[in-house]
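I opened this notebook to keep a record of what I looked up, one topic at a time.

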Amino acid sequence: MLPFSQKPHVKFSFFILLFWVSQLLVLNAGFELDESLTYIWPLPSEFTSGNETLTVDPTLSLSALGKGGDLKILREGFERYKNIIFKHVSGVSIFDKLRGIRSVYDISKLRIIVNSDIEELKLGVDESYTLFVAKNDGKSIVEEATIEANTVYGALRGLETFSQLCAFNYGTKSVQVYKAPWYIKDKPRFAYRGLLLDTSRHYLPIDVIKQIIESMSYAKLNVLHWHIIDEQSFPLEVPTYPNLWNGAYTKWERYTVEDASEIVSFAKMRGIHVMAEVDVPGHAESWGAGYPDLWPSSSCREPLDVSKNSTFDLISGILSDIRKIFPFELFHLGGDEVNTDCWTSTPHVKQWLNDRNMTAKDAYQYFVIKAQEIAISKGWTPANWEETFNTFAANLNPRTVVHNWLGPGVCPKAVAKGFRCIFSNQGVWYLDHLDVPWDKVYNAEPLEGINNVSEQNLVLGGEVCMWGETADTSNVQQTIWPRAAAAAERLWSKREAVSARNITLTALPRFHYFRCLLNRRGVQAAPVTNKYARRPPTGPGSCYEQ
């Protein structure tokens, strides 16, 4: 009889068994969080925590106080977050009811104090809040969970943070707050924290846009830059010029004025501005599907015809109609990538230029300035892509917000000349660039190269851009997330907090956690560390390690 060591098939089987046992041990060990880190995204400005675990009543009630306590935005926000927090809990267990058991919870009421009843959503609205979560021992005058904010929008940011403190315990089937007591004093670093959404290259249904807005609120982003129209399609209804949306891809891929108003209202309930963009004079070929006279000629279709007053009458009509929909004070007029060859090659436009002794570059400036004047006359502040600043900064309206995209170094030049600036360097914050990893997004700094404090204050913030050439309903969320959240923390949290130490140790585990939080909330956020963004996982594994 051969000894064990000399039976090859038995020996092989033994090692296979050892392998699977080791795998089971690894699986049973589970993923462990680094308890030294704070799993709130974006990281609050100031906070302290403890080492207690508190239970939260699934019938959590709201005590709304202050001048803004009765605002619909607050009450609907509370119900929305309550549904998120207690997704796995539906009140008192039926088994406990049958046994007559009444559970005692550490937190049974959320007290929210809103000091102002003003709900106008303007750029720079106060989004600060304080949040206190502790076990009420009957001696303290402070309630067990309290949010205080000057505005209802600060209260919404506090609700998001409170929801991230709450975690479902699958063992006890209850919602718990770990590391209590918590004291958080928080405010955003920048007033403008944006996401551009392009619905011209691919139409996105209303429900998809709402899902994206909802997910923005989880990362405390607060501006949806709606790039509604471009050369490929014109999906928006403009009542004064009803043939414009003949430029839509199909009759089913359109937005009515009611759709657009609904998007703005939905966003406001979450403290999110909607900035519309009508890009002129380039990127506008689709306009001519309904009004061919806007083209320089039938064979040379953009930029829009600068020589006709009717072109500017139509722009004025568009802006008048959509001003009724978009109350946000900024309006984006584009102005980028203008190839003026059509102007110089079309006889009647060329004649118009010659009559006025203008070059094509002069006409580009003329068009942009005239469009700005129209927007200002409607009560808007114009924003333009950086080419306008790069080409004729001295003649831009001084109220212009310069929107950087071509690369670094533009915001320092813009603010040095007294302009306000939005940072969107395409090398790091263009989400359609799938080869940009999370850490490059995270490390991008809007104030790089700006040392003067007064000039730093002219940087409104930044924006990640979801251009839609290769993104539609099937993949837009996993292209946006989780990388947009990396920029969101850069724009919300203190610079020293997000720039210190090794981000692989301080930010990456928290980033994994937030990506999984998005997944739990139904957001199709892609794995964090894939070589190319929005790719699916390369194999089995935990959400927290992919």
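The entries below follow my reading of this structure, which is a predicted model.

**Entry 1, disulfides**

I began with the cysteines and asked how many disulfides the model holds. The count comes to three, and when I numbered the bonded cysteines in sequence order the pairing read 1-2, 3-4, 5-6.

I looked up Cys300 and Cys342 to start with, whose sulfur atoms lie 1.8 Å apart in a disulfide. Cys300 sits in the loop between strand E11 (273–276) and helix H7 (309–323), while Cys342 belongs to helix H8 (residues 341–345), so this pair ties together parts that are 42 residues apart in sequence. The link of Cys300 and Cys342 is left-handed, with -100° about the S-S bond, and both cysteines are buried.

I then turned to Cys411 and Cys421, which form a disulfide with their sulfur atoms 2.1 Å apart. Here Cys411 is in helix H12 (residues 410–416) and Cys421 in strand E15 (residues 420–423), 10 residues apart. The torsion about the S-S bond of Cys411 and Cys421 is about -75°, so I noted this disulfide as left-handed. Cys411 and Cys421 are both buried.

The remaining entry on bonded cysteines concerns Cys516 and Cys543, joined by a disulfide with an S to S distance of 2.0 Å. Cys516 lies in helix H20 (residues 508–520) and Cys543 in the segment after H20, so the pair ties together parts that are 27 residues apart in sequence. With -120° about the S-S bond, the link of Cys516 and Cys543 is also left-handed. Are Cys516 and Cys543 buried or partly exposed? I found Cys516 buried, with a relative accessible area of 2%, whereas Cys543 has 21% relative accessibility and counts as partly exposed.

Cys166 counts as buried at 12% relative accessibility. Cys465 is likewise in no disulfide, and its nearest cysteine sulfur, that of Cys411, is 12 Å away. Cys465 has 0% relative accessibility and is therefore buried.

I next traced a sheet of eight strands, which is open, has mixed pairing and runs in the order E1-E8-E4-E5-E3-E2-E7-E6. At its edges stand strand E1 (46–48) and strand E6 (166–169), each with a single partner strand, so one side of each is left without a neighbour in the sheet. The twist from one strand to the next averages 30°.

Glu46 has Lys185 in E8 as its bridge partner. I also saw that helix H2 (residues 72–85) lies across strand E2 (52–65), strand E3 (107–114), E6 and strand E7 (174–180), running at about 155° to E2.

The largest nonpolar core has 112 residues, of which Trp287, Ile318, Phe326, Ile480 and Trp481 touch the most other members. Helix H10 (residues 360–377) gives the largest share of this core, eight residues. I followed the contacts of Phe326 and, leaving aside neighbours within four places in sequence, found Trp226, Ile228, Ala260, Val264, Val274, Ala276 and Trp380. Another core, of 40 residues, lies apart from the largest one, and includes Val56, Tyr129, Tyr153 and Leu156.

My search of the whole structure for aromatic pairs gave 25. The rings of Trp352 and Tyr366 have centres 5.6 Å apart and planes at 55°, so I recorded the pair as tilted. Trp352 is in helix H9 (residues 347–355) and Tyr366 in helix H10, 14 residues apart. Trp352 is buried at 10% relative accessibility, while Tyr366 is partly exposed at 30%.

Tyr513 and Tyr544 also make a tilted pair, 5.8 Å centre to centre with 40° between the planes. Tyr513 lies in helix H20 and Tyr544 in the segment after H20, so the pair ties together parts that are 31 residues apart in sequence. Lastly, I noted a cluster in which ring pairs link Trp41, Trp438, Tyr442, Phe511 and Phe514.

Definitions and conventions
Residues numbered from 1 in each chain as written. Predicted model: local features only at pLDDT ≥ 70, side-chain atom pairs only at ≥ 80, totals over all residues. Heavy atoms only, no water. Disulfide = S-S within 2.5 Å. Helix = DSSP H or I, 4+ residues; strand = E, 2+ residues; numbered from the N terminus. Buried < 20%, exposed > 50% of the residue type's maximum accessible area, 1.4 Å probe, protein only. Pairing = 2+ DSSP bridges. Axes fitted to C-alpha atoms, helices over the stretch in contact; angles between N-to-C directions. Contact = heavy atoms within 4.5 Å. Core = buried A, V, L, I, M, F, W, Y, C linked by side-chain atoms within 4.5 Å. Phe/Tyr/Trp six-rings, centres within 6.5 Å; stacked < 30°, edge-to-face > 60°.
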